[in-house]
Amino acid sequence: MIRALVLALLLTPGVASSQDLAAGKDLAVTHAEAWTMTGNGKVSDATIIVHDGRIVSVTAAGPVPEGAAVIDAGGRMVTPGLMNAATQLGLVETGAADETNDKSSSNTTLGAAFDVQYALNGNSVLLPVARADGVTRAVSYPGAAGTAPFMGQAAVIRLVESGDILERPQAAMYVQIGSATLSAAGGSRSAQWQLLRNALTEAGRYQPGKPDQPITRLDAEALQKVLGGQLLVILTQRESDIRQAIALAKDFKLRVALMGANEAWRCADALAAAKIPVILDPMDNLPISFDQIGARLDNAALLDKAGVPLAFYASGNTIYLSYDAGEAMREVAGMAVANGLPYETALASMTRSPAAIFGIGDHYGTLAKDQDADLVIWDGDPLEPGNYPWKVFVQGREASLETRQTLLRDRYAKPAALPPVYQK
Amino acid sequence: MKGSFSTAWLPVIALAIACSGAMAATPGKARHHPPVKPAAAAKPPADFADQKTREHPLPFMLGGNPSTYKPLPRQDLLITHATVLDGAGRRFDDADVLSRDGRIVAVGHNLDGGNARVIDARGRWVTPGIIDPHSHDGTYSMPLTSIDDESGDVSEMSGPIAADTWIEHAINTQDASFIYALQGGITTLQGLPGSTPQIGGRAVTLHPIPATHVAAMKFPGAPQGLKMACGENAKGYFGGKGQKPTSRQGEMANFRDVFSQADAYRGMWRHYEDEPHGPPPPRDLKLDTLAATLDGDLLVQIHCYRADDMAEMQALAHEFGFKITAFHHAVEAYKNPDLFTETGTCAVVWSDWWGFKMEANDGIRENAALLDAAGACVTMHSDSPVIGQRLNIEAAKAAGAGRHMGLAEPPEHIIKWITSNPAKVLGLEDCIGTLAPGYNADIVIWSGDPFSIYTLADTVLIDGAIAYDRHDPAYQPLSDFQLGRKAGVSQ
């Protein structure tokens, strides 16, 4: 029985449209339920016109330009390609195999200056997995380092099938405050905050060329960017630390976002007033550390109610940061909705909102004129487990949904005269 | 090739199992296993009752805490107008479920509940209680601290053969993980030792209702499991310290060595049993456990990832004559379903955890669906309190991956992956995991389709008693740890 069904599966929709697009044709996605993420809900029976990798228009029952390649969405839901706001895609492939793990550095003098952009591997087999689950953009952020509280600088990547995946280097500086990195800062979170404040102060008065300054040139230059308005993401959980983050943003006039932030709901109004967005995993509901006593499933809903912008990621004991980064993020978004978050806000927290937070909102995150044509046509509600993209487009180009994992599946499920090792 | 060892593994003591939490009230009621007495602390566990008749009982199964579990206060219940998945493959629409004295009496339409309290479940779904066959709740205990880094209770790490350890001796019953599991519809879970040692020790089957001692959480009469592990963990940890094993072949040598010793030890005790002259042989607690395994008295639960590792372990089991109840994690099981279908071994799998180490590189989401289609016994598991709260969604993801490749199965089939199939892994398939007359009234009333992300467990019943109710604070337990702290539990 398996065999017949798998063969049926392999008759996947043709890729004629890709050839058409390669020939420079316009693309028209017709009969779409378009969730534009522009704050107006969905457009039913939408026609989405794409020219040269960008969206031209999204109109209800709009006409198809002559000569355009047409994809009939058949009423399926269409969203912008999703953006995961915290991954280690391109940095980690097999986490336990050090050779494939570039997320952090423990034995260099690089602290704030550590920058993941130089390690990004566009041929990681984990990128197609995320893309086949609807992710076309992601933040790849550094791991905890030996230079706590500094983790380093993150990059925004685009999940194109070939070519450079780096979209926006140095999209944010990351620091981690709290029990997870206490020992590296001498055992106290006070030391963590003081080290951070002191480093910002020293970076501000760093004088190029002058010897024996209390901060390295590389770290000073990196932190000067933060003082100049680069996003500072503070990975922290406890209410007291979240309030410290708010104070830090005010004192140094920084642009701050929180990550993790399990207890952020306790200071939702203060975060909204300070215009500090929160990057969170809605699945985080366990008191897994003393910093997370207040974790709860409706953290996202409570923050949204107070007016705090949200962006989603999924951790799953850190597994989902690298593996199934798309599937898992959709799952946790669904959990946020199950616990009170409006549906459209959940979608926005995987599209428009992370795009705005990480500085690519001018060309990605909504289905609107001049935006990159990152589109996902879904076979069902993307927040329900087991639903998948029917088609994925990155910058107007249809991407294959084949992954190493689907190849493994088919190799062992398909009948063949020769052993599986001959099936490719 | 078989050695000279006895291959007679007895069909476990499952026959003596007692689903005793429910305490069958009416003798003669249709029931295919004997009614049970409530366990008394002074008596040996019910499991070992058969040994009492022997003058010089074999010591292999002695030890541990007799269950003192008692069901919560309860009344007879008639759940009406629900979509019922019975856990054994059947679906009933607009149906009723009647429980009396902690047992299921009937599933059907327009049931007469007599004086039973009626719960209107119109528009809602009802399933058996969810069973997690792989939990570390109580030892991977929240909150984790630096103390756990130094000496956690998940595994005894002093050597690769920790066969003398019983995980029930370590259970922190106030771990809030139990309560989060309960809120997600889990009514029974198997607490397993960790997978760093090759033989991690004896498991324990629990209800997730925190008490002051593990004995009061123990599923009365449940068979005992044995945790083993193959692959990267043991050789990585012990090998990294310059100890044996440093390799997979070293692991296998260790296994064959200790099972050989156990076979000889068992022979020595059997000889003493037949001719009880002089002092009894000296006890060896590690060999007790392994002798019990060879006797078929422990359900063997093996952590394995790679298909070749699982084949090696089946060969080991064949050589020494024991049965492997389940491979856990089993991310490459789909590569060789014969390892399961030919032996009756169950596959205890995740939906989408893979890749984090070399032996996990080849995991696929269709693993469960492919094994299921091949006829293997498949169950989901948690291994972590993160997903130990939502095995229904784990099953939904795994089933969705199957559907996506053309292996669509209806909800009444998929529910087996988290009910009647894991009941087999625990040796409790005649007690729990199915809503049918005589089974324990472990029931979840869901707000909707349990395989939708938007669905929550409304009411969770264990042995016919309400253990959790999403709408009634009186039935929302709070761990001692969280009490008095500003806990984040939603009210």
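Guide: Domain bounds here come from an automatic or database domain assignment. This is a predicted model, in which local features need pLDDT of at least 70 and side-chain atom pairs count only at pLDDT 80 or more, while totals for chains, interfaces and linings use all residues. Residues are numbered from 1 along each chain as its sequence is written, and chains are lettered from A and ligands numbered from 1 in the order in which they are written.

Visitor: So which domains does the assignment give for chain A?

Guide: For chain A the assignment gives domain 1, covering 2-80 + 370-410, and domain 2, covering 82-357. Taken over C-alpha atoms, the centres of domain 1 and domain 2 of chain A are separated by 30 Å.

Visitor: And how many residues does each domain of chain A give to the contact?

Guide: Domain 1 of chain A gives 22 residues and domain 2 of chain A gives 25 residues, where two residues are in contact if their C-beta atoms, placed from the backbone, lie within 7 Å. On the domain 1 side, the elements that give two or more residues are β5 (77-80), β15 (389-394) and α12 of chain A, and the largest share, three residues, comes from β15(A). Helices (H or I, at least four residues) and strands (E, at least two) are DSSP runs, numbered from the N terminus.

Visitor: What about the largest nonpolar core, how many residues does it have?

Guide: The largest nonpolar core has 285 residues, and those with the most contacts inside it are A:I48, A:V78, A:V233, A:L258, A:I279 and B:A347. Such a core is a set of buried Ala, Val, Leu, Ile, Met, Phe, Trp, Tyr and Cys residues joined through C-beta atoms within 7 Å. The largest share of this core, nine residues, comes from helix α9 (residues 325-338) of chain A. Domain 1 and domain 2 of chain A both give residues to this core, so it lies between them.

Visitor: Which residues is A:V78 in contact with?

Guide: Leaving aside neighbours within four places in sequence, the contacts of A:V78 include A:V29, A:W35, A:I48, A:L375 and A:I377.

Visitor: Switching topic, how many residues does the contact take from chain A and chain B?

Guide: The contact takes 46 residues from chain A and 46 residues from chain B. On the side of chain A that touches chain B, the largest share, seven residues, comes from α9(A), and the residues of that side divide into 28 nonpolar, eleven polar and seven charged. In this count Ala, Val, Leu, Ile, Met, Phe, Trp, Tyr, Cys and Pro are nonpolar, Asp, Glu, Lys and Arg are charged, and the others, Gly among them, are polar.

Visitor: Over in chain B, is B:A95 buried or exposed?

Guide: B:A95 is buried, with 23 other C-beta atoms within 10 Å, and its place is in strand β2 (residues 91-100) of chain B. A residue is buried if 20 or more other C-beta atoms lie within 10 Å of its own, exposed if 12 or fewer, and partly exposed in between, with C-beta atoms placed from the backbone.

Visitor: And where is B:R270 found?

Guide: B:R270 is found in helix α4 (residues 248-274) of chain B, and B:R270 is partly exposed, with 14 other C-beta atoms within 10 Å. The C-alpha atoms of B:R270 and B:P57 are separated by 9.4 Å, although these residues are 213 residues apart along the chain.
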